[in-house]
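Here is a short briefing for a reader new to this structure. Start with the sequence and the view below, then read on by topic.

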Amino acid sequence: VEVVLGQADGTRQRVAILGEWDRDEVLGIIPNRSRLAQALEGRRAGEQVTIPGAQGDEAATVLSIEPLSEAVRTWAGAPAPGTDKV
């Protein structure tokens, strides 16, 4: 899943939560056991959340929760939705 976060200063952050060992800073891929992923677990669009930041914990709003982008699916080797590839 990809989560779009909005912060008080107007910045937006998109993260893709994948498996325990997955990470790619350019694509915003974070492991499901990271502090950020755990802070987002069970949240819904519109909810406020406290996330880890460079200067300590920060407030953010979950703007949207979306399916994985094509770039992240390609990185992970996942088939496109609606295909019968395994």
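S2 and S3 pair in the parallel sense, over three bridges. This is a predicted model.

- Strands of a sheet pair through backbone hydrogen bonds, in either a parallel or an antiparallel sense.
- Here five strands make an open sheet, and their order is S3-S2-S1-S5-S4.
- The pairing in this sheet is mixed.
- Strand S3 (29–31) and S4 are the edge strands, each pairing on one side only.
- From one strand to the next, the twist averages 45°.
- Leucine 18 lies opposite proline 31, which is in S3.

**The nonpolar core**
- The largest nonpolar core holds 13 residues.
- Val3, Leu5, Leu36, Leu40 and Val49 have the most contacts inside this core.
- At least two core residues come from each of S1 (2–7), S2 (12–18), H1 (35–40), S4 (48–53) and S5 (56–66).
- Helix H1 gives the largest share, four residues.
- Beyond its neighbours within four places in sequence, valine 3 contacts Gln13, Arg14, Val15, Ile17, Leu40, Val62 and Ser64.

**Glutamate 2**
- Glutamate 2 sits in strand S1.
- Is glutamate 2 buried or exposed? Glutamate 2 counts as buried because its relative accessibility is 3%, and the cut-off for buried is under 20%.
- The side chains of glutamate 2 and arginine 14 are joined by a polar contact of 3.0 Å.
- Leaving out residues up to four places away in sequence, glutamate 2 touches residues including Arg14, Val15, Ser64, Pro67 and Val72.

Note on methods: Residues are numbered from 1 along each chain as its sequence is written. This is a predicted model: local features need pLDDT of at least 70, side-chain atom pairs count only at pLDDT 80 or more; totals for chains, interfaces and linings use all residues. Side-chain values use heavy atoms; hydrogens and water are left out. A nonpolar core is a set of buried Ala, Val, Leu, Ile, Met, Phe, Trp, Tyr and Cys residues joined through side-chain atoms within 4.5 Å. Buried means under 20% relative accessible area, exposed over 50%, partly exposed in between (1.4 Å probe, protein chains only). Contact means heavy atoms within 4.5 Å. Two strands pair if DSSP finds at least two bridges between them. Axes are lines fitted to C-alpha atoms, for helices over the stretch in contact, and angles run from 0 to 180 degrees between N-to-C directions. A polar contact is a pair of N or O atoms within 3.5 Å; within protein, one must be able to donate a hydrogen and the other to accept it, and residues adjacent in sequence count only if both atoms are side-chain atoms.
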